[in-house]
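Here is a briefing on helix packing, cores and salt bridges. The points are grouped by topic.

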Amino acid sequence: MTGDTPLSAALREAAAEIEHTLDMLLPQEEGPEAKLYAAMRYSVLGGGKRMRGFLVLEGAAQFGVSRVSALRVAAAIEMLHAYSLVHDDLPAMDNDELRRGKPTTHRAYGEATAILAGDALQAHAFAVLAGEDTHSDPAVRAELCLRLALAAGSKGMCGGQMLDMLAEEATEALSESAIGRLQLLKTGKLIEFSAEAGAVLGKAPGPQRHALCAYGRELGAAFQIADDILDATASAEETGKATGKDAGAGKATLVGLLGLERARVQAERLAAQARSHLDSFGERADLLRMLADYTIARRS
């Protein structure tokens, strides 16, 4: 993103707030477990777009939710996202050595510690959601935990990762619908929950909650296509991670199936659909509309 647009300023402010919240929720520890805490902090602090956290904050803002509550949920989702990246980078998965412009966690701390750091970040994310400081209503806290578990589990992110691994071993290319389902589970479900979480916090009416869910679903699909386009066209310096790996690894992507131009058209269509789901929110959802455009225009 070039220039200081309203969205760039909002993203920068949100990232700083989320970073501070993460820092407070993951204090440095002394003693025998210090290496684990250090690896956890290394994995989640000091980088990333914080798009998922930003979605939480903007969704919560539609319903007047306390910023403190929204930041705790945003931080929890960023912890879980960081855990997924740590495990995704492992030699048994994608075997990546660079993430957010620095060595991946297993390169910095060793594979065993990286696995434990990811496990601990996932557990801590749910502990934060379940804490009384997140919301005064235990039913809201329970629903947040349930929704995140579903987004991250076998019918969400982990299931999508399994499909991704199976696709690399397949003898025939996946269809467009099969790739769409893979990406919905692997990437889209967590982004969809991030968009919905503010509505859960605000006990929003069904139609508005469903609208944010639909927005997040379309945004997540557009985001993944944009990521695949970046892998094919951007440099490691731009993205902060290795690029050009999808084709070499036989990854199932819409870029590989449709080609760059048709994939770009698909991403633009999804971003437009995402924006359309925000009509009922009026001007207060303008930053979310801008985010849909930014998602497919970014270079990192």
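The axes of helix 1 and helix 3 (residues 51-61) approach within 9 Å and cross at roughly 100°. Helix 1 is therefore roughly perpendicular to helix 3 (65 to 115 degrees counts as such; under 35 is roughly parallel, over 145 roughly antiparallel, the rest oblique). This is a predicted model: local features need pLDDT of at least 70, side-chain atom pairs count only at pLDDT 80 or more, and totals for chains, interfaces and linings use all residues. Residues are numbered from 1 along each chain as its sequence is written, and side-chain values use heavy atoms, leaving out hydrogens and water.

**Helix 1 against helix 3**
- Helix 1 contributes Leu7, Ala10, Leu11, Ala14 and Ile18 to the contact, and helix 3 contributes Gly53, Phe54 and Leu57 (contact means heavy atoms within 4.5 Å).
- By class, this contact has seven nonpolar residues, one polar and no charged.
- Axes are lines fitted to C-alpha atoms, for helices over the stretch in contact, with angles from 0 to 180 degrees between N-to-C directions.
- Helices (H or I, at least four residues) and strands (E, at least two) are DSSP runs, numbered from the N terminus.

**Nonpolar cores**
- In the largest nonpolar core, of 68 residues, Leu144, Tyr215 and Leu291 touch the most other members.
- Helix 4 (residues 67-88) supplies the largest share of this core, 11 residues.
- A second, separate core has 13 residues, including Ile179 and Leu254.
- A nonpolar core is a set of buried Ala, Val, Leu, Ile, Met, Phe, Trp, Tyr and Cys residues joined through side-chain atoms within 4.5 Å.

**Salt bridges**
- The structure holds 16 salt bridges (a side-chain nitrogen of Lys or Arg within 4 Å of a carboxyl oxygen of Asp or Glu).
- Glutamate 19 and arginine 50 form one of them, at 2.7 Å, N to O.
- Glutamate 19 lies in helix 1 and arginine 50 in the loop between helix 2 and helix 3, so the pair ties together parts 31 residues apart in sequence.
- Glutamate 19 is partly exposed at 23% relative accessible area, whereas arginine 50 is buried at 4% (buried is under 20%, exposed over 50%, partly exposed in between; 1.4 Å probe, protein chains only).
- Glutamate 196 pairs with arginine 209, the closest N and O atoms being 2.7 Å apart.
- Glutamate 196 sits in helix 9 and arginine 209 in helix 10, 13 residues apart.
- Glutamate 196 is buried at 8%, and arginine 209 is buried at 16%.
- A network of salt bridges links Glu143, Arg147, Glu196 and Arg209.

Key
Ala, Val, Leu, Ile, Met, Phe, Trp, Tyr, Cys and Pro count as nonpolar, Asp, Glu, Lys and Arg as charged, and the others, Gly among them, as polar.
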